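I opened my notebook to follow one residue and then the interface around it. These are my entries, in the order I looked things up.

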Amino acid sequence: MNFIIKKNEEVSNLKCEYCGKEITLEESYEVKIEGKAHYFCCDHCANEFIGSGNNHACSC
Amino acid sequence: MEKLVIIGYGAAGFAAMIKANELGIKPILIGKGSLGGTCVNVGCIPSKKLLSISHFYRELRKRINSNQFPDFMAAFSEKDEVVGTLRKKKYEDILNSYDVKLVQGEAKFKDRKSVKVGNDIYEFERCIIATGSRPNIPEIEGLEKIDFWTSDRALSPDKKVESLTIIGGRALALEFSDIYSGLGAEVSIIQRSPRLIPEYDPEFSVMARKIIESYGVKVFLNSKNIKVQKKNDKLIVSGNFGIIESERLLMATGRKPNVEIGLENAQIELNERGGIKTDEELRTTNPSVFAAGDVIGIKMLEPLAGRQGSIAVSNAFTEEKKKINYDAVPENIFISPGIAKVGKTSSELIGNMYVKSLKVPIDSLARGYIENEEIGLVKLNVDLRNLKILGIQVISERSEEIINESAILMNAGATINDLIDSNQIFPSFSEVLRLAALSYYGDVNKMSCCV
């Protein structure tokens, strides 16, 4: 099998919108609010961001 | 007029037939193709046999530091033997034990109360649709011009395959990547979503990738502009990930319900997934007709199909009004270690302020440590108001057994205290559920083996 892999085609690194931790699309929790996608490192941060958190610390 | 007509003789159709006999009803069972439907012929049974061979040799290579792979074609012959035996034992032979009239052919609804098979018309009091599903093929540029595989063909190759590209990133893709890499082929997975198994929480997707990459499988996520073409006997798949050349291309892009049976003549509507629309009691928009199994298109799982077949007949002829608790339907991906879930994921629970996730890595478990398991995790989602378990996800060896226990807990509406108060075998893998429950009250790393 031959691979010809392009480099840096699409950078998917991003930051958790609640705690700021660097994450990738692959490991992110995605929440759509009013049609816009927001990305978080864990479900706790997502809950805190949308105001329904239970005050647990970020779990990762 | 016939009391009951069942269309389809896979898992759901057979379960419906057995239930009908229990109720003293002799059904007409109509089907086409091999008896037993997807599961025994081109689904769970053949794929699990091949996975078992792949896992045995992978473990052997690891343990004795060898480079021994199974004989490629012999593995498929072994699979054929298992399929033949189980189809005979579990479907062909048992048919003689029941009072049923078997009709082989293609059924179409003639009107609201009858179906046609060839020139024969069967009027019915009740009908169960259990026509199953087939591979779903999305539109991809160039696909119509090449000879690609679906899962059915990937289970019966005509010669040894050296390289395989798989489009898809859910259970089918993962299991086939395990099978073919385990048989010595070079395998690549192209997934259009940003992660594998997007129906699980992201940490499980990341671990799933680690597992199949440990088999040597190449994974390309977030793939866009996918095109395929044939060049010098090779299949070329290109996109934003670059160019991949391989001998075979497998489309592992899910399955779709078989609904081309003249539903419009019987006034039976479809749901948003293209399956047959039913109420909770599995009744279609035609009150005399029920549906069961993959043809509903909600969750395509063999044991669920069987349960639905049985429940559909029960609801068609009794006042029991049985329903499926979909939160207690387990799923498993049979790679090694396996990946399984039941109930709600954290992604599905976002916005619910009373949820806490309890996570324990598998190497916290004595059995995991004994077996040298490095990759593994269990996650319990718990309602903080009553400590009820809302969902369980697991990556572990024997995940299918762990998730069976989890499904019983979910069906019983169990709390983490119910788990903690249970006695379990030590050392076992399923103990990890209790360990996760204990983590609500304390740090499991500071607990002795049995607490």
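Predicted model: local features only at pLDDT ≥ 70, side-chain atom pairs only at ≥ 80, totals over all residues.

Leaving aside residues up to four places away in sequence, B:Ser357 touches A:Asp43, A:His44, B:Ser346, B:Lys379, B:Leu380 and B:Asn381.

Next I placed the residue. B:Ser357 sits in strand 19 of chain B, which covers residues 355–361.

Is B:Ser357 buried or exposed? I found a relative accessibility of 12%. B:Ser357 counts as buried because that value is under 20%.

Then I checked the side-chain polar contacts. The side chain of B:Ser357 meets that of A:Asp43 at 3.1 Å. It also has a polar contact of 2.7 Å with the side chain of B:Asn381.

I moved on to the whole interface. I noted 41 residues of chain B in contact with 24 residues of chain A. The buried area between chain B and chain A is about 2,400 Å². Carbon and sulfur atoms give 54% of that area.

Which residues form the salt bridge across the interface? The rule finds one between chain B and chain A. I identified A:Glu26 and B:Arg209 as the partners, with their closest N and O atoms 2.9 Å apart.

Last, I looked at what chain B brings to the side that touches chain A. Among the elements that each supply at least two residues are helix 7 (202–214), helix 9 (346–349) and strand 19. I sorted the residues of this side into 16 nonpolar, 14 polar and 11 charged.

Methods. Residues numbered from 1 in each chain as written. Chains lettered and ligands numbered in written order. Heavy atoms only, no water. Helix = DSSP H or I, 4+ residues; strand = E, 2+ residues; numbered from the N terminus. Buried < 20%, exposed > 50% of the residue type's maximum accessible area, 1.4 Å probe, protein only. Polar contact = N/O pair within 3.5 Å; in protein donor to acceptor, adjacent residues only side chain to side chain. Contact = heavy atoms within 4.5 Å. Buried area = accessible area lost by both parts, 1.4 Å probe. Salt bridge = Lys/Arg side-chain N within 4 Å of Asp/Glu carboxyl O. Nonpolar A, V, L, I, M, F, W, Y, C, P; charged D, E, K, R; others polar.
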